[in-house]
Amino acid sequence: MFDRHAGGERAVLVTLDFGDPDFPESVAELHLLASGAGLKILGTIQGKRHRPDAALFVGSGKADEIAALAAATEADVVIFNHELSPAQERNLERRVHCRVVDRVTLILDIFARRAQSSEGKLQVELAQLQHLSTRLVRGWTHLERQRGGVGMRGPGEKQLETDRRLIGIRVKSLRDRLDRLGKQRRTQRRSRTRQHVLSVALVGYTNAGKSTLFNALTRADAYAADRLFATLDTTTRKMYLPRVGEVVLSDTVGFITRLPHALVAAFRATLEATAEADLLLHVIDSASAGRERQIEAVDKVLAEIGADAVPQFRVYNKLDLTGVAPGVGRDEYGKLQRIYVSAQTGAGLELLRDALSEILVAGRILNETGMPDEDPSQPTALSA
């Protein structure tokens, strides 16, 4: 048994290379995540392994190196850029003598800081409790004591069992409340469907510029900043397109590689709007060296929430950082595949509005006639 160490703001980062080609980008992303959580980064330890160690995740020598750096810098917390098992967390804390958390816990902490709406806070709390429930394994000295209690415990029920039961009760309550909010949202969507209002959802990797593009297209004032997960709450506004009329545009939470499963599950009700949209605008940071990896991460989450079948149009953003001129890309049949814009400067936004009109008008005609204009066995041109 041991007393779990308290956390703090002074952090040492740890990241291991298991042979992934995107390792340098992963290290840079970890620094952005830690900075976004308000931590002071005191040092970074890197290493190479073929596979994680079952007990410590890192090797024994690397664990001693981490402990030495944490002691020398008086760090409060060691953050791993990987998902640790509860046993690995406990073993590492005994070894390094300070709090140890993994990538999942770090992302959950950022979400907890950024959630603004009541629904967003409920979703984050649900994800945190689901993650915490796997960590209630002899992590604190009070969990071993047995106490009776009127209305709290059965005879001989341990504190660990009580904690698990109370978490289960709270999780059920949160799910019930989120289900009610989800029903309200579905009712609103059915109302828009009856009015034949088309819906477009912005999706993309975190910090790709979705909120900036959303503000530019709708003249809204949604919060946008150059940091990961700047906004969490889905924002919806109306916009007008030539030949189409009024369209509902939604700005959704950004995705990230190895997005915690608990977060995807908790935000599933919010992300239903993505799966039921008529078109997805996949916003891509064209200035990022890891954009192909980011595209794969977004497509993976879209498949997980059932939105992979929705037509997708790629918007390569941040041309102001690359020097590329605005323009559209078409296939050999003249169908739109992608567009290059800068949401920050406004370059190419009129081209984007025209492209949206062309895509949505074509989709509306297809729905009205019921006749596909291409071989359904072939992939859609919009998801090139």
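I started with a rule for strands: two of them pair if DSSP finds at least two bridges between them. Helices (H or I, at least four residues) and strands (E, at least two) are DSSP runs, numbered from the N terminus.

**Ground rules.** This is a predicted model, where local features need pLDDT of at least 70 and side-chain atom pairs count only at pLDDT 80 or more, while totals for chains, interfaces and linings use all residues. Residues are numbered from 1 along each chain as its sequence is written, and side-chain values use heavy atoms, with hydrogens and water left out.

**Whole chain.** I looked up the overall numbers and found 11 helices and 11 strands in the protein chain. Of its 384 residues, 49% are buried (under 20% relative accessible area; exposed is over 50%, partly exposed in between; 1.4 Å probe, protein chains only). I also checked contacts (heavy atoms within 4.5 Å). Among those between residues at least 6 apart in sequence, 68% join residues at least 24 apart.

**The open sheet.** I traced 4 strands in the order β2-β1-β3-β4, paired in parallel. Which strands stand at the edges? They are β2 (40-48) and β4 (99-101), and each has a single partner strand, so one side of each has no neighbour in the sheet. From one strand to the next the twist averages 20°. Then I zoomed in on β3 (residues 77-80), which pairs with β4 in the parallel sense over 3 bridges. I79 has V101 in β4 as its bridge partner.

**Helix α3.** Next I followed α3 (residues 86-96), which lies across β3 and β4 and runs at about 145° to β4 (axes are lines fitted to C-alpha atoms, for helices over the stretch in contact, and angles run from 0 to 180 degrees between N-to-C directions). Its buried residues are Q88, E89, R90, L92, E93 and V96. What covers them? The cover includes α2 (60-73), β3, β4 and α4. Just after α3, I noted that H97 takes a positive phi of about 60°.

**D102.** I found D102 in the loop between β4 and α4 (103-114). Buried or exposed? D102 counts as buried because its relative accessibility is 0%. Leaving aside neighbours within four places in sequence, D102 is in contact with F80, H82, E83, L84, E89, H131 and R135.

**α4 against α5.** I looked at how α4 packs with α5 (residues 118-133): the angle is about 155° and the axes are 9 Å apart. The two helices are therefore roughly antiparallel (angles over 145 degrees; under 35 is roughly parallel, 65 to 115 roughly perpendicular and the rest oblique). On the α4 side I listed V104, T105, L108, F111 and A112, which meet V124, A127, Q128 and H131 in α5.

**The hairpin.** Last stop was β10 (residues 327-330) and β11 (residues 336-340), which run antiparallel and are joined by 4 bridges. R330 has L336 in β11 as its bridge partner. The two strands form a hairpin with 5 residues between them, and G334 in the turn has a positive phi of about 85°.
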